[in-house]
Amino acid sequence: MTDHLLSQPVWRLIDQSTLGPSFDARQSFATDDTLCTSIGSGDSPATARTWVHHDTIVLGIQDTRLPHLKEAIEFLESEGYRAIVRNSGGLAVVLDSGVLNISLILPEKEGTIDINQGYDTMTALVEELLAPYNAKFEAYEIVGSYCPGSYDLSIGGKKFAGISQRRMRGGVAVQIYLCVDGSGSERAAVIGEFYKRGLAGEDTKFQYPEIKPDVMASLAELLGRPLTVADIHASLLRVLHKNSKLFYSGQLTVEESELLPGNIKRMWDRNEKALSL
């Protein structure tokens with residue numbers, strides 16, 4: 001692993017993991033954009049944000065180009081999911097109460113954080129999070145998983161996490177979803193059906209993943225033990241404390257709170273445009 005940035009002089013934690021079903025995932029991506037701006041300008045320290053969204057499918061921009069998107073989204077809604085479009089890379093992922101999302105927002109001076117360093121920083125975090133469970137994982141693309149990428153995290157060939165990045169205004173947001181408990185294969189089956197209905201047998205220039213549900217699992221399934229979002233969250237507090245001189249839990253600053261509504265509006269507008277079926 002190349003040099004990572006897990007050690008920081010100050011880590012601030014913003015915990016949004018218990019806000020409940022009314023917390024909309026579009027707010028999360030707008031919040032990370034807000035934090036990129038404030039941290040990139042040096043007004044705020046490096047920040048870890050934890051977030052959980054209930055029964056949400058987060059689509060990538062490429063997903064919105066499916067030839068039968070309307071039918072695919074109607075299927076998701078019939079299964080009790082809401083669909084939103086994110087502004088960072090990647091394809092469709094499932095979020096629910098058993099999935100913990102962590103964003104690490106770091107300051108970047110003139111392109112000093114390369115893409116792999118961002119991924120390596122998040123991978124180093126997960127290594128420390130899972131150390132108490134003696135969990136050894138690998139990072140490489142899991143073919144047949146949803147939102148496949150070169151930094152898929154897996155144990156025994158079964159993926160439990162995926163990482164994406166967003167860069168803006170001198171800040172880098174490295175985001176991970178960790179399937180902590182529940183059924184990884186059931187989540188994957190939903191995305192598989194989404195693509196099946198969205199393609200309806202048509203050929204497309206872009207190659208959408210052919211989902212194989214059995215290559216995905218939750219950490220609880222893989223480790224063969226009860227494990228909750230709260231357990232991993234508690235582990236995160238320990239890791240951030242260990243990797244900083246000053247660690248504190250806080251909320252958005254006044255300045256960040258003033259920036260947030262504009263970013264929320266941009267996310268809402270983006271979604272309205274992308275999903276105008």
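**Entry 1: the eight-stranded sheet**

I looked up the sheet with the order β7-β8-β9-β10-β6-β2-β1-β11 and noted that it is an open sheet of eight strands with mixed pairing. I note here that the model is predicted, that local features need pLDDT of at least 70 and side-chain atom pairs count only at pLDDT 80 or more, while totals for chains, interfaces and linings use all residues. Residues are numbered from 1 along each chain as its sequence is written, and side-chain values use heavy atoms, with hydrogens and water left out.

For my own reference, helices (H or I, at least four residues) and strands (E, at least two) are DSSP runs, numbered from the N terminus, and two strands pair if DSSP finds at least two bridges between them. Strands of a sheet pair through backbone hydrogen bonds, either parallel or antiparallel.

At the edges of this sheet I found β7 and β11 (244–249), each of which pairs on one side only. I then followed strand β1 (residues 8–16), which runs parallel to β2 and is joined to it by five bridges, with aspartate 15 standing opposite threonine 50 in β2. β1 also pairs with β11 in the parallel sense, over five bridges, and there I found leucine 13 opposite serine 249 in β11.

**Entry 2: strand β2**

Which residues of β2 point one way, and which the other way? I found Thr47, Arg49 and Trp51 pointing one way and Ala48 and Thr50 the other way, and all are buried (buried means under 20% relative accessible area, exposed over 50%, partly exposed in between, with a 1.4 Å probe and protein chains only). In a regular strand the side chains alternate between the two faces of the sheet. I wrote down that β2 is mostly covered, since five of its five residues are buried.

**Entry 3: the three-stranded sheet**

Next I looked up an open sheet of three strands, which has the order β4-β3-β5 and mixed pairing. Here β4 (82–85) and β5 (93–95) stand at the edges, each with a single partner strand, so one side of each is left without a neighbour in the sheet. The twist averages 30° from one strand to the next. β3 and β5 pair in the antiparallel sense over three bridges, and valine 58 stands opposite valine 93 in β5.

**Entry 4: helices α1 and α7**

I checked how helix α1 (residues 25–40) packs against helix α7 (residues 254–274), and found an angle of about 135° with the axes 8 Å apart; axes are lines fitted to C-alpha atoms, for helices over the stretch in contact, and angles run from 0 to 180 degrees between N-to-C directions. That makes α1 oblique to α7, where angles under 35 degrees count as roughly parallel, over 145 as roughly antiparallel, 65 to 115 as roughly perpendicular and the rest as oblique.

Among the residues that meet, I listed Phe29, Ala30 and Leu35 in α1 and Leu259, Ile264 and Trp268 in α7 (contact means heavy atoms within 4.5 Å).

**Entry 5: two positive phi values**

Aspartate 55, in the loop between β2 (47–51) and β3 (56–59), has a positive phi of about 45° although it is not a glycine. Is aspartate 55 buried, exposed or partly exposed? I found it partly exposed, with a relative accessible area of 40%.

Asparagine 134, in the loop between α3 (115–130) and β7 (138–139), also has a positive phi, near 50°, and is a residue other than glycine. At 65% relative accessibility, asparagine 134 counts as exposed.
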